[in-house]
Amino acid sequence: MEAHQSPERTPDGHFVVIKGRKWRATDPSLPEEIAARLRRHLMSARREVRSAVAAGDARAERAARARVNQAKIALGERGTPWWDQSEDERRRRWEQGLARLNAEAPS
C-alpha cells in the first residue's frame, strides 16, 4: 500500500487491514475536520511517548500514552465499537474526547 492509498477495509467497513492485520477503522460519521484535529492530537501524543521513552521518564510516558488512548477512543478506534453506538453517543464521544485533548494539550 502506498502512502496516498486508503487501506483495505473488511466488507462490513468496521476494520482496516494493514500488512495482514485487522485494526478498528475510524468512525466514518466523524466530520473530516474533526477527524483531522483528532489525528493531530494522536500523532503529537505518539511523539510525546517516543520522547518520554528516550528520556526514561516513566511519568511523562504514562501521560502521553493516556493521551494516545483518549485520541483513539475519540476517533472510535478503541472503546465501545462505533457501530454499536447511537448517533448521539458517537457525537458525544468525539466532542468530549476532543475537548479533553484540547484542554490537556501541552503548551
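Predicted model: local features only at pLDDT ≥ 70, side-chain atom pairs only at ≥ 80, totals over all residues.
Reader: Let me start with charges. How many salt bridges does the structure hold?

Author: The structure holds nine salt bridges. As background, side chains of opposite charge can pair when their charged atoms come close.

Reader: Which residue meets Asp27 in a salt bridge of 2.5 Å?

Author: That residue is Arg90, and the 2.5 Å runs from N to O.

Reader: Which residue pairs with Asp27 at 2.7 Å?

Author: Arg93 does, and the 2.7 Å is again the distance from N to O in a salt bridge between the side chains. Arg93 lies in helix α3 and Asp27 in the loop between β3 and α1, so this pair ties together parts that are 66 residues apart in sequence. Both Asp27 and Arg93 are buried.

Reader: Which residues are linked with Asp27 in a network of salt bridges?

Author: The network joins Asp27 with Glu87, Arg90 and Arg93.

Reader: What about Arg39? Which residue does it form a salt bridge with?

Author: Arg39 forms a salt bridge with Glu32, and their closest N and O atoms are 2.5 Å apart. Arg39 counts as partly exposed, at 35% relative accessibility. Glu32 is exposed, with a relative accessible area of 53%.

Reader: Why does Glu32 count as exposed while Arg39 is only partly so?

Author: The cut-off for exposed is over 50%. Glu32 is therefore exposed at 53%, whereas Arg39, at 35%, counts as partly exposed.

Reader: New topic: the nonpolar core. How many residues has the largest one?

Author: The largest nonpolar core has 15 residues. Among those with the most contacts inside it are Leu30, Leu38, Val68 and Trp94. The elements that give two or more residues to this core are α1, α2 (58-75) and α3.

Reader: Which element gives the most?

Author: Helix α1 gives the most to this core, with six residues. In general, nonpolar side chains tend to be buried together in soluble globular proteins.

Reader: Could you take Leu38 as an example? What is it in contact with?

Author: Leaving aside neighbours within four places in sequence, Leu38 is in contact with Leu30, Ala71, Ala74, Leu75, Trp94, Leu98 and Leu101.

Reader: Where is His41, and is it buried or exposed?

Author: His41 is found in helix α1. At 12% relative accessibility, His41 counts as buried. Beyond its neighbours within four places in sequence, His41 has contacts with Arg67, Leu98, Leu101, Asn102 and Ala105.

Reader: And Arg50, buried or exposed?

Author: Arg50, which lies in helix α1, is exposed, with a relative accessible area of 57%.

Reader: Now the helices. At what angle do α2 and α3 pack?

Author: The angle is about 155°, and the axes of α2 and α3 are 8 Å apart. That makes α2 roughly antiparallel to α3. Their crossing is left-handed. The contact includes Arg67, Ala71 and Leu75 of α2, together with Arg93, Trp94 and Leu101 of α3.

Reader: How do α1 and α2 cross?

Author: They cross at roughly 160°, with axes that come within 8 Å. Helix α1 is therefore roughly antiparallel to α2. Residues of α1 that take part include Leu38, His41 and Leu42, and those of α2 include Arg67, Val68 and Ala71.

Reader: What about α1 and α3, how do they cross?

Author: Their axes come within 11 Å and cross at roughly 40°. That makes α1 oblique to α3. Helix α1 passes α3 in a left-handed crossing.

Reader: Which residues of α1 and α3 meet there?

Author: From α1 they are Ile34, Arg37, Leu38 and His41, which meet Trp94, Leu98, Leu101 and Asn102 in α3.

Key:
Residues numbered from 1 in each chain as written. Heavy atoms only, no water. Salt bridge = Lys/Arg side-chain N within 4 Å of Asp/Glu carboxyl O. Helix = DSSP H or I, 4+ residues; strand = E, 2+ residues; numbered from the N terminus. Buried < 20%, exposed > 50% of the residue type's maximum accessible area, 1.4 Å probe, protein only. Core = buried A, V, L, I, M, F, W, Y, C linked by side-chain atoms within 4.5 Å. Contact = heavy atoms within 4.5 Å. Axes fitted to C-alpha atoms, helices over the stretch in contact; angles between N-to-C directions. Parallel < 35°, antiparallel > 145°, perpendicular 65-115°, else oblique. Left-handed = near helix turned anticlockwise from the far one by under 90°.
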